[in-house]
Structure formats: structure tokens, C-alpha cells
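User: I'd like to learn how to read helix packing, aromatic pairs and the nonpolar core in a model. Can you walk me through one?

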Amino acid sequence: MGLALVFLLVLGSIWGVSITSAKLAVQAFGPFSVVFWYSLIAFLVLCGVSIIRRKPPPLDARHLRYYLASGLIGFSIPALNNLIVVQYVPAGILSTMIATAPVFTYAIALVARQERFQVLRAGGIALGLVGALVILLPANSLPEAGMAPWVALGLLTPFLYGITAVIISRYMPHETDSMTLATGFLGISTVFFLVGMLASGTATIPWPDIWPGSPMVLWLGVSSSVAYVLYFQIIRMAGAVYLSQVSYLVVTIGVVAGMIVFGERHSPLVWLGIGLMVAGLVFVNLGQFRARRA
């Protein structure tokens, strides 16, 4: 588990910083352009590695279905949703919302009958829901009342991540290594974003340098190429339950980065909501570890 822990720490750091980085990039170029360019950069980086390794992604029907499902549900739609929502809500709050993915994962796994009902984990889901409502419902919890619908939309991302976790754990082609799967995954996403960018009429080239937007797009692309290889590798090495611990790092780094870069300050109600969601994550994950040991 030592190497898996190192991978987990690196992945959490990348994802925690990425929300703030994405907000800086979107302010300069708009969501469709940002997400297309950083997806393309990540895909090209992994393509280059694939050429060196002489291991192109398999393109048979089974792998294509897997790339399509995981790429669209697990990356394309959530990434675009994040870039839209982060324009209207503090980066720290969005980081917390995204980190509730394990709560949604357990709820979806229950519905799909991949998990059994357990009081501890069900209590965690309830706490996470209460935490979200504490942030969403009171008129004076958010910096602006108009942010509430955008915070609600932000919950779509962890919901989709929950669906992806169930899909990946059930249908992963285990004979294909993590870097190859990540390459196919990002290839599908890049095509999706290219179509969306052209259809929206918002195509922008983020170079020559526009500070800090251009460096952030480059960082997002290179870091994503690393992040999604680690994502598949952690699931392969330690399972989705272990991977879900990345949520704690995303919350901590995302909230702190938002406070440092954007000077974000949160009301007591928002801190209470964040605390309840983190407590929910703790209960869900404790229950998962107990079930795994049993």
C-alpha cells in the first residue's frame, strides 16, 4: 500500500489545486476553450508516451465502449460542469462539493445492488446531504443568494463521479494497463470538447501568453495526463474504496487554495456545511473499510 499512498497524495494534490487553476484559466478564455485545450494537451502527452512504449490504446468494440462511457461520464461532462460552476461560486465550496463523490458512489452502488445497506455508511450519506442543504438553503450562508442554484449544479459532478466509479470497477479491462486506458479515456473527451467548443462558437487559442490564464491551461493539461493514469492505477492496485480517500485532500487543498489565491472567506454556516460533509465522508469511508475487512 506504500506506493498506492504516494499515488493518492499526488492525485489529491493535483485535483485540489486544479479547481483554483481552472477558475483562473476560465476567467481568461471561457469554459469550452479551457477544457478542450487542457484535454488535448493531456491526450497528446499520453499519446507521445504510448508511441515510445509502442502500446497504442486498443480500439476494439469493448475498449471503445469503455472509453466512451468513462470518458464522457467520468471526465468530459463533470469537467465542463466544474468550469461553468466555478465562475459563479467560490473555488473552496466547489472543491467540497466535488469531494462528496464517495457519498454518491455508495448511494448509487446500493441502488445497483453492488453494496449492502450499512447503518454507518447510510448515516454518512445523511450527514453529507444535511451539509449540502446547510450551504444551499439559508439566505445568508453564501456570499450571494444567487449562488445557490450554481452550488446545486455543482453537485452534478460528484454524482457523475459516483456513477463512473461503479462503471469502472465493474467493467475495467484488467488486461490493459492504466496509462493505455487513460489515453483512450482522454481521446474520447478531447473529441467531445472539440465538438462542443466549435458548436458554441467560443473557440479561443490560449497562446501567446496571457497571464495567468495560459500557464494555467498548460498546467491543467500536463497535470491531467498524470492524474488520470494515477486514477486508473490506484483503482487497479487498491480498489475504488481506497481511491475515495482522495476526497479529504481535495477538500483541504481546494479550500485553502481558494482562500490564498482569491481571498475567499466563508460564513459560519458554510464552514458548518463543509464540516458536516467531511464528517459524512468519514462515516462512509469507515463503513467501507469495515465492510472490506469483513
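This is a predicted model: local features need pLDDT of at least 70, side-chain atom pairs count only at pLDDT 80 or more; totals for chains, interfaces and linings use all residues.

User: What angle do helix H2 and helix H9 pack at, and how far apart are their axes?

Analyst: The general idea is that two packed helices are described by the angle between their axes and the distance between the axes. Here, helix H2 (residues 31-53) and helix H9 (residues 178-200) pack at about 150 degrees, and their axes are 8 Å apart. Angles over 145 degrees count as roughly antiparallel, so H2 and H9 are roughly antiparallel to each other.

User: Which classes of residue make up the contact of H2 with H9?

Analyst: By class, the contact of H2 with H9 has 16 nonpolar residues, ten polar and one charged.

User: On to the core. Which residues touch the most other members of the largest nonpolar core?

Analyst: In soluble globular proteins, nonpolar side chains tend to be buried together. In this model the largest nonpolar core has 48 residues, and Val 34, Tyr 38, Phe 75 and Phe 232 touch the most other members. At least two residues of this core come from each of H1 (2-29), H2, H3 (61-85), H9, H10 (213-243) and H11 (246-262). H10 gives the largest share, 14 residues.

User: And the aromatics: how many aromatic pairs does the structure hold?

Analyst: There are 15 aromatic pairs. Take Phe 104 and Phe 159: their rings sit 6.1 Å centre to centre with 80 degrees between the planes, an edge-to-face pair. Phe 104 lies in helix H5 (residues 101-111) and Phe 159 in helix H8 (residues 156-171), so this pair ties together parts that are 55 residues apart in sequence.

User: Which residues form one aromatic cluster?

Analyst: Trp 15, Tyr 38, Tyr 66, Phe 75, Phe 185, Phe 192, Phe 193, Tyr 228, Tyr 231 and Phe 232 do. You've met some of these names already: Tyr 38, Phe 75 and Phe 232 are among the residues that touch the most other members of the largest nonpolar core.

Key. Residues are numbered from 1 along each chain as its sequence is written. Side-chain values use heavy atoms; hydrogens and water are left out. Rings of Phe, Tyr and Trp (its six-membered ring) pair if their centres lie within 6.5 Å; planes under 30 degrees apart count as stacked, over 60 as edge-to-face and the rest as tilted. Helices (H or I, at least four residues) and strands (E, at least two) are DSSP runs, numbered from the N terminus. Axes are lines fitted to C-alpha atoms, for helices over the stretch in contact, and angles run from 0 to 180 degrees between N-to-C directions. Angles under 35 degrees count as roughly parallel, over 145 as roughly antiparallel, 65 to 115 as roughly perpendicular and the rest as oblique. Ala, Val, Leu, Ile, Met, Phe, Trp, Tyr, Cys and Pro count as nonpolar, Asp, Glu, Lys and Arg as charged, and the others, Gly among them, as polar. A nonpolar core is a set of buried Ala, Val, Leu, Ile, Met, Phe, Trp, Tyr and Cys residues joined through side-chain atoms within 4.5 Å. Buried means under 20% relative accessible area, exposed over 50%, partly exposed in between (1.4 Å probe, protein chains only).
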